[in-house]
Amino acid sequence: MESPSTFPQAMPNLVGTTLREHVLTGMHAAPGATGEFTSLLNHISLAIRIINGRVRAAGLAGLLGYTGETNVQGEKVQKLDQFANDVLLNVLQRSGHCGVIASEELDEAVIADHPGKYVVLFDPLDGSSNIDTNVSIGTVFAVLRRKYPELHPNATDALAPGREIVGAGYVVFGPSTIFVLSTGRGVHGFTLDPEVGEFFLSAPNIRCPERGKTYSINGGNSASWSEEIRRWAAYIKETDVTDGRPYTSRYVGSMVADAHRTLIKGGIFAYPADKKSPKGKLRLLYEANPMAFLFEQAGGMAIDGKDRILDVIPRELHQRTPLVLGSKEDVSIFRDFFTGARTS
Ligand code: AHM
Ligand code: MG
């Protein structure tokens, strides 16, 4: 066996770094850090581990008859997305760091009765239509710092553009549970060791390739697409060995899973506006903004078709947006078709 002393001494040894350590080390470097942000992220990690336990037992719970309205003890059993929402909400409220919490599952933002420093926005269980068939699902979140933390929090604190995000992440509950996080210093992936109950650094400094070979879009919506999007879809399927076309198609239907593959392997994920969903389907605050922040941090790109997602000024909590993200070159080509700058 190779001796651990063979690690180069000048480089920090990242093997065995936990999510907790990683966050703590990063925050030590931040001037004026109070430890609150570190604590907030540790609370999010705790909520994720609780949700993970329930997600992992979802099939088992079904087999044992726990998926109906009541279980054998006569207790009401929550749906998984409701459970994930409640866990995140409870854990974040108990952390004491949040002035405002907003979730895709809640009609209104939850306002604290104390002036918490942060706003947390989340989609507790993305891809929930895939739960019943044991396909990857996930959680997405974004953290903002309240502009005026000394004032009483207000729901409008949540309506800040994504460029003001101070931390964002997502978790994929797939064959393993992976937590991808950025606090504005690159993007790092952590895998849960279920035996230990800790996330360990498994993918430091993730970079989205400049160009990929995969496109990810619900082709079943093509009859509702604009002419520009149809032209792009035709281009992506044409054969041209000089630039790797035709691309291959992958579409899970869980944005976290499709985005994660796109982040790692490159290519493009798109949920554009169409006749059925004229404003797009995905939510700006809970899905598009955190993903856009992560993609930009990893050297990728995220637009609404034409403009940068992170520059959109939100008008309402549950605002929808078209979303196109992925490798810089692939997203730029989409934009050229979308704006009519190119047609073939
Ligand atoms: P959800 O947050 O209710 O799960 O819905 C969002 C999901 C995304 O994960 C996914 O990209 C999209 O909806 C799939 O939609 P469609 O079935 O229209 O392709
Ligand atoms: Mg979702």
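## Ligand site

Ligand 1 sits in the second largest pocket of this predicted model. The shell around the ligand draws on both domains, with at least three residues from domain 1 (19–203) and at least three from domain 2 (214–339). Two strands, E3 (118–126) and E11 (268–271), each supply at least two residues of that shell.

By residue class, the shell around ligand 1 divides into five nonpolar, five polar and five charged residues. Of the 15 residues around ligand 1, those that come nearest are Gly-127, Asn-218, Tyr-251, Met-255 and Tyr-271.

## Polar contacts and burial

Tyr-271 places a polar side-chain atom 2.5 Å from an oxygen atom of ligand 1. Met-255 approaches through its backbone instead: one of its polar backbone atoms is 2.6 Å from an oxygen atom of the ligand. For Ser-128, a backbone N or O atom lies 3.1 Å from a ligand oxygen atom. The protein buries 79% of the 480 Å² that ligand 1 exposes when taken alone.

## Backbone geometry

Most residues other than glycine have a negative phi, and most peptide bonds are trans.

Pro-246 belongs to the loop between helix H5 (227–237) and strand E10 (248–249).

Methods
Residues numbered from 1 in each chain as written. Chains lettered and ligands numbered in written order. Predicted model: local features only at pLDDT ≥ 70, side-chain atom pairs only at ≥ 80, totals over all residues. Heavy atoms only, no water. Near = heavy atom within 4 Å. Polar contact = N/O pair within 3.5 Å; in protein donor to acceptor, adjacent residues only side chain to side chain. Areas by Shrake-Rupley, 256 points an atom, 1.4 Å probe, with all protein chains shown as cover. 1 Å grid on protein atoms, 1.4 Å probe; cavity = no way out; pocket = protein on both sides within 12 Å on 5 of 7 lines; lining within 4 Å. Sits in = over half its atoms within 2 Å of the grid points. Helix = DSSP H or I, 4+ residues; strand = E, 2+ residues; numbered from the N terminus. Nonpolar A, V, L, I, M, F, W, Y, C, P; charged D, E, K, R; others polar. Domains from an automatic or database assignment.
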